[in-house]
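The structure is shown first.

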Amino acid sequence: MPESLDTQVRAARSALERGFVFRRLGLCLDYVSDPEDFPRKTLPSPKEARQGQPNPAGLGSGIALCAWNGALLFDGYLLRVELGIASADEERILDRLIGGLIRLATTAPKGYLVRGLTADGRGFYPAVDADTHLLWAFSLWRGFRSAAIAPESQLKMRAIASRWIARLDKDAYRIPLIEAAGDNPDGDLSVADGLTGPKLLALLAVAADVSGEPQWRQVLAQKAADPARFSAAPATVDQPASLLSLQIAWHILASLDADEARKALALSRMSELA
């Protein structure tokens, strides 16, 4: 990378870290307010999150997209470390982001994944969507397969992947509203979002790879036998976030699916979305 460009990248990352990375938790906050307001003036309290204020997903709260932001930032830092151009401070930030991604999967009861956490590291919003799972799984896979990540962190990732996919499978790949442990630790499935299409297949591919448990590859083959799961067409993608999540799903499948025909189809779908 040219020196001037590398200097600009470092300056941009430094500004991002100062304003939006909650270092104590290793989470990347949202864009709701002036960076100087973070983390205390705008982040919700655990009670507000539990009550779904301002909404069950926490959109506009500052912590609704921690999994999205953290996964993309993690991938960027990890790539710089892998290329040998990261500073020592960037490597420290990467370590913190690993901790944040792990917290998102280990704070709620019963192995549920959450969108983000309140400043005390305990509160979370009840509504989670498919893309939160997809982006989090992408970062888990990137970290697990990178020589730049310490083996002890990768062992944690393997254990977390096993619990995460077992929870999804128990819920028939539906994503419930997560309730507090004292209320309903198995969540409210009456209003559940669902995992479908290539995103579900991508999650199963990551689960098989990171957990090392062969049954998830078998489930992937069973789910992939339905051709409708490969039918997400570019015409259905009308938002940048939707486009990005589909591109990531196809990328995971093109990288991890052992079936050559499905791998080729995933590559074809990626090219359609380019």
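Not counting residues up to four places away in sequence, Trp136 touches Leu101, Leu104, Ala105, Leu113, Ile160 and Trp164; contact means heavy atoms within 4.5 Å. This is a predicted model, in which local features need pLDDT of at least 70 and side-chain atom pairs count only at pLDDT 80 or more, while totals for chains, interfaces and linings use all residues. Residues are numbered from 1 along each chain as its sequence is written, and side-chain values use heavy atoms, with hydrogens and water left out.

Trp136 is also one of the residues that touch the most other members of the largest nonpolar core, which has 80 residues; the others are Trp164, Tyr173 and Ile252. Helix α7 (residues 197-211) gives the most to this core, with 10 residues. A nonpolar core is a set of buried Ala, Val, Leu, Ile, Met, Phe, Trp, Tyr and Cys residues joined through side-chain atoms within 4.5 Å. Buried means under 20% relative accessible area, exposed over 50%, and partly exposed in between (1.4 Å probe, protein chains only). In soluble globular proteins, nonpolar side chains tend to be buried together.

## Helix α4

Helix α4 spans residues 88-106 and contains Leu94. Helices (H or I, at least four residues) and strands (E, at least two) are DSSP runs, numbered from the N terminus. Leu94 is buried, at a relative accessible area of 3%. Beyond its neighbours within four places in sequence, Leu94 is in contact with Phe74, Tyr77, Leu78, Val81 and Ile149. Of these, Ile149 is 55 residues from Leu94 in sequence, yet the C-alpha atoms are 9.2 Å apart.

Glu90 is found in helix α4 too, and counts as buried at 4% relative accessibility. A polar atom of the Glu90 side chain lies 2.6 Å from the backbone nitrogen of Ser87.

## Salt bridges

The whole structure has 11 salt bridges, each defined as a side-chain nitrogen of Lys or Arg within 4 Å of a carboxyl oxygen of Asp or Glu. One of them joins the side chains of Arg115 and Asp129 (3.9 Å, N to O). Both residues lie in the loop between α4 and α5 (130-144), so the pair ties together parts that are 14 residues apart in sequence. Arg115 is buried at 6% relative accessibility, whereas Asp129 is partly exposed at 22%.

Asp209 pairs with Arg145, and their closest N and O atoms are 3.0 Å apart. This bridge links distant parts of the chain, 64 residues apart: Asp209 is in helix α7 and Arg145 in the loop between α5 and α6. Asp209 is buried, with a relative accessible area of 12%, while Arg145 is exposed at 52%. Another bridge joins Asp259 and Arg262 (3.9 Å, N to O); Asp259 is partly exposed at 30% and Arg262 is buried at 17%. Asp75, Glu82 and Arg142 are linked in a network of salt bridges.

## Backbone geometry

Gln53 and Pro54 are joined by a cis peptide bond, with omega about 10 degrees. Pro54 sits in the loop between α2 (46-50) and α3 (66-82).

Ala172 is not a glycine but has a positive phi of about 55 degrees. Its place is in the loop between α6 (151-170) and β3 (174-177). Tyr173, also not a glycine, has a positive phi of about 60 degrees and lies in the loop between α6 and β3. Ala172 is partly exposed, at 49% relative accessible area, whereas Tyr173 is buried at 5%.

Technical notes. Polar contact = N/O pair within 3.5 Å; in protein donor to acceptor, adjacent residues only side chain to side chain.
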